[in-house]
Amino acid sequence: MRGNGALYTSDTAEHYTPGDVLDLVVEVMGGIDLDPCADPGRRVPAAAHYTAEVDGLRRPWAGRVFMNPPYGRNIGAWVDRLVEAHAAGAVPEAVALVPARVDTAWWRRLASSCALVLFFRGRLRFVGNEGSAPFPSALVYLGRNHDRFLEVTNGRGDVWQMVYSNAL
């Protein structure tokens, strides 16, 4: 953490997914075809990985996608890419691990296109970080297998579903 402690900012936009969260994602979708925001070590058990050097925003997305985007100013571009690929049918099922910043425009775009959102109980400890994250996290599910998502994430936090939205 840097700066004023009341701001709860993070020193980096990179937050590598904890292993137990990856286990949940694999269990929900039965596997991962693409990790478009892969860490340099390619820890996500996906068939294909796009690292920062490959620029996943410019590559094709298909299949079951797990996205843990960089949490900086460019997160909206990643959310837009996921929402568009899902709406087009190229990505029939996806899970995104994002900061629970429900007051942002990118969150509203993601939430209005998703099926379910798990708000984790407590703060996640991302791989390589000494302490817990300075922000709450959410696992956002896009797809049709609602029952499976609910079953797998049971007990990890509160699951919400968008009922009505008229604003984007």
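Asp39 is buried (under 20% relative accessible area, with a 1.4 Å probe and protein chains only) yet takes part in no salt bridge, and Arg43, the nearest side chain of opposite charge, is 4.3 Å away. A salt bridge here requires a side-chain nitrogen of Lys or Arg within 4 Å of a carboxyl oxygen of Asp or Glu; Lys and Arg count as positive and Asp and Glu as negative, while His and the chain ends are not counted. This is a predicted model, in which local features need pLDDT of at least 70 and side-chain atom pairs count only at pLDDT 80 or more, whereas totals for chains, interfaces and linings use all residues. Residues are numbered from 1 along each chain as its sequence is written, and side-chain values use heavy atoms, with hydrogens and water left out.

Asp39 belongs to the loop between β1 (32-35) and β2 (46-49), where strands are DSSP runs of E of at least two residues and helices are runs of H or I of at least four, numbered from the N terminus. A polar atom of the Asp39 side chain lies 2.9 Å from the backbone nitrogen of Gly41. Leaving aside residues up to four places away in sequence, Asp39 touches Tyr16, Val44 and Thr51, a contact being heavy atoms within 4.5 Å.

The protein chain as a whole holds four helices and seven strands, and buried residues make up 45% of its 168 residues. In helix α3 (residues 105-113), the buried residues are Trp106, Trp107, Leu110 and Ala111. Seen down the axis of α3, these buried residues fall within an arc of 125°, so they line one face of the helix; the arc is taken from the directions from the helix axis to the C-beta atoms. They pack against α2 (75-88), β4 (93-99), β5 (116-120) and β6 (137-142).

Notes
Buried < 20%, exposed > 50% of the residue type's maximum accessible area, 1.4 Å probe, protein only. Polar contact = N/O pair within 3.5 Å; in protein donor to acceptor, adjacent residues only side chain to side chain.
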